[in-house]
Amino acid sequence: MKTAAASFALVLATFTLPSQAVIVALSPDKDNTIYEESGTTSNGAGDYLFAGDTKGITGTGSRRALLAFDVATSVPAGATINSAVVRLTLTRTISGSQSVSLHRLTSDWGAALSDATGQEGRGAAALAGDATWTNNFSGTSTWSAAGGDFIGGASASQSIGAVGDYDWNSTATTVADVQGWLDNPSQNFGWVLIGDEGVAGSAKRFNSGDNAANQPMLTIDYTPVPEPSTALLAVLALGLLAKRQRQ
């Protein structure tokens, strides 16, 4: 015979309010650019992020942008991620359309107060805790592989051409990335943005999270855990109380 508590649990599991999808837009928790030609260059507090290659233009090399978003603070635990879209604003380019891809990072990294001058393409001297091409935290630790530790397969890719806004549309992989970060926040190291590093002059410049305008944005569509009806809970509680009083 079912106990009153078991009956209550059964009814409660049956009558829950359907959850509505929720959309949140997050700016980066941190971002940075790392520069191939130097293990001591960074741009943790700069206005811009870079992805691609400048070889043959300034005599330097590849640049990669690092981005991380604090998913667990804005999305409730247990929620289901339905879609995840990344938007960046391109503000400078000297080449035609190039593919730029997001790859999930597998190691943590830092963004301190290094702040490049001018157009910021050459970076600035890394400060303690900054990520560089060699170090994930300058003065403390190095990447397992120079240029960052990341998954080789892209989570999403986009062709970047003229100045303007660009969306890396939701894919099964970006959804899985964000769901993983929600379920295991300690493993949220964000993405690295990688351009076409085999083409001289392919580097693209985007606004960073420190820019006053058009910051990077991660837009998440999620469904929270279904909530039981408040009215139903009250009715069931009164029913159980009355039953106990009759016993």
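Me: Which residue meets Asp108 in a salt bridge?
Reply: This is a predicted model. Asp108 sits in the loop between β8 (98-104) and β9 (124-125). Its partner is in strand β3, 78 residues apart. The side chains meet at 2.9 Å, N to O, and the partner is Lys30.

Me: Is Asp108 buried, partly exposed or exposed?
Reply: Buried means under 20% relative accessible area, and exposed means over 50%. Asp108 has 31% relative accessibility, so Asp108 is partly exposed.

Me: How many residues apart in sequence are the parts that Glu37 and Arg63 tie together?
Reply: Glu37 forms a salt bridge with Arg63, with the closest N and O atoms 2.8 Å apart. Glu37 lies in the loop between β3 and β4, and Arg63 lies in strand β6 (residues 62-68). So the pair ties together parts whose separation in sequence is 26 residues.

Me: Is Arg63 buried or exposed?
Reply: The cut-off for buried is under 20% relative accessible area. Arg63 has a relative accessible area of 1%, so Arg63 is buried.

Me: Which residue meets Arg64 in a salt bridge?
Reply: Arg64 is in strand β6, and its partner lies in the loop between β14 (191-194) and β15 (204-207). The side chains meet at 2.7 Å, N to O, and the partner is Glu197.

Me: What is the distance in space between Thr40 and Ala131?
Reply: Thr40 is found in the loop between β3 (30-35) and β4 (41-42). Thr40 and Ala131 are 91 residues apart in sequence. C-alpha to C-alpha, their distance in space is 8.8 Å.

How values were computed
Residues numbered from 1 in each chain as written. Predicted model: local features only at pLDDT ≥ 70, side-chain atom pairs only at ≥ 80, totals over all residues. Heavy atoms only, no water. Helix = DSSP H or I, 4+ residues; strand = E, 2+ residues; numbered from the N terminus. Salt bridge = Lys/Arg side-chain N within 4 Å of Asp/Glu carboxyl O. Buried < 20%, exposed > 50% of the residue type's maximum accessible area, 1.4 Å probe, protein only.
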